[in-house]
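This report goes through one protein model in running text.

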Amino acid sequence: VMAASFETYEAVVTVDSAVSEVSIADLGASVNPGDKLFVHLNSVYLVENVDYRIDSNSQKIVCLTGEWNSYNIEGCEFAFDLIKKITLME
């Protein structure tokens with residue numbers, strides 16, 4: 001028998017101009033190595049270490065491919081889902 005204990009957090013950040021980093025502070029919890037962060041930009045799933053990297057010190061995601069929203073479209077949304085404190089018990 002296995003059981004898991006975890007906490008989840010969600011946040012949405014809207015950007016209206018080109019950005020190369022986005023704050024994840026609105027999650028209400030610090031993102032640490034070992035946590036699982038899911039990131040979507042206007043419903044497109046972004047991949048960690050391909051599209052972005054997490055800067056744990058400043059609590060931001062940083063674009064690895066240039067800029068997001070390079071056409072300055074108003075209302076672009078980043079949706080964040082964070083899973084923390086995963087504990088497996090046997």
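The side chain of aspartate 35 has a polar atom 2.8 Å from the backbone nitrogen of asparagine 32. That is a polar contact, meaning a pair of N or O atoms within 3.5 Å; within protein, one must be able to donate a hydrogen and the other to accept it, and residues adjacent in sequence count only if both atoms are side-chain atoms. A second polar contact, of 2.7 Å, joins the side chain of aspartate 35 to that of lysine 84.

The model is predicted: local features need pLDDT of at least 70 and side-chain atom pairs count only at pLDDT 80 or more, while totals for chains, interfaces and linings use all residues. Residues are numbered from 1 along each chain as its sequence is written, and side-chain values use heavy atoms, with hydrogens and water left out.

Aspartate 35 is located in the loop between β2 and β3. Strands (E, at least two residues) and helices (H or I, at least four) are DSSP runs, numbered from the N terminus. Aspartate 35 counts as buried because its relative accessibility is 17%; buried means under 20% relative accessible area, exposed over 50%, and partly exposed in between (1.4 Å probe, protein chains only). Leaving out residues up to four places away in sequence, aspartate 35 touches Ser30, Leu82, Ile83, Lys84 and Lys85. Contact here means heavy atoms within 4.5 Å.

**Salt bridges**

Side chains of opposite charge can pair when their charged atoms come close. A salt bridge is a side-chain nitrogen of Lys or Arg within 4 Å of a carboxyl oxygen of Asp or Glu. How many salt bridges does a search of the whole structure find? The search gives 2.

| Salt bridge | Closest N to O distance |
|---|---|
| Aspartate 35 and lysine 84 | 2.7 Å |

Aspartate 35 forms a salt bridge with lysine 84.

Glutamate 21 belongs to strand β2 (residues 21-23) and lysine 60 to strand β6, so the pair ties together parts that are 39 residues apart in sequence. Glutamate 21 is partly exposed, at 39% relative accessible area. Lysine 60 also counts as partly exposed, at 26%.

**The open sheet**

Strands β2 and β6 also belong to an open sheet of 3 strands, in the order β2-β6-β5, with antiparallel pairing. The edge strands β2 and β5 each pair on one side only. On average, neighbouring strands of this sheet are turned by 20° against each other, direction ignored; the axes are lines fitted to C-alpha atoms, and angles run from 0 to 180 degrees between N-to-C directions.

Two strands pair if DSSP finds at least two bridges between them. Between β2 and β6 there are 3 bridges, in the antiparallel sense. One of the residues involved is serine 23, whose bridge partner in β6 is lysine 60.

**Nonpolar core**

A nonpolar core is a set of buried Ala, Val, Leu, Ile, Met, Phe, Trp, Tyr and Cys residues joined through side-chain atoms within 4.5 Å. The largest such core holds 22 residues, and Leu37, Ile61, Trp68, Phe78 and Phe80 have the most contacts inside it. Two or more core residues come from each of β1 (3-15), β3 (36-41), β5 (52-55), β6 (60-63) and β7 (76-89). Which element gives the most to this core? That element is β7, with 4 residues.

**A loop with positive phi**

Asparagine 42 is in the loop between β3 and β4 (44-46). Although not a glycine, asparagine 42 has a positive phi of about 50°. The residue counts as partly exposed, at 40% relative accessibility. Serine 43 has its place in the loop between β3 and β4 and has a positive phi near 75°, also without being glycine. Serine 43 is exposed, with a relative accessible area of 69%.

**The chain as a whole**

The protein chain has 7 strands and 0 helices. Its C-alpha trace spans about 50 × 20 × 20 Å along the principal axes. Of its 90 residues, 31% count as buried. Among contacts between residues at least 6 apart in sequence, 72% join residues at least 24 apart.
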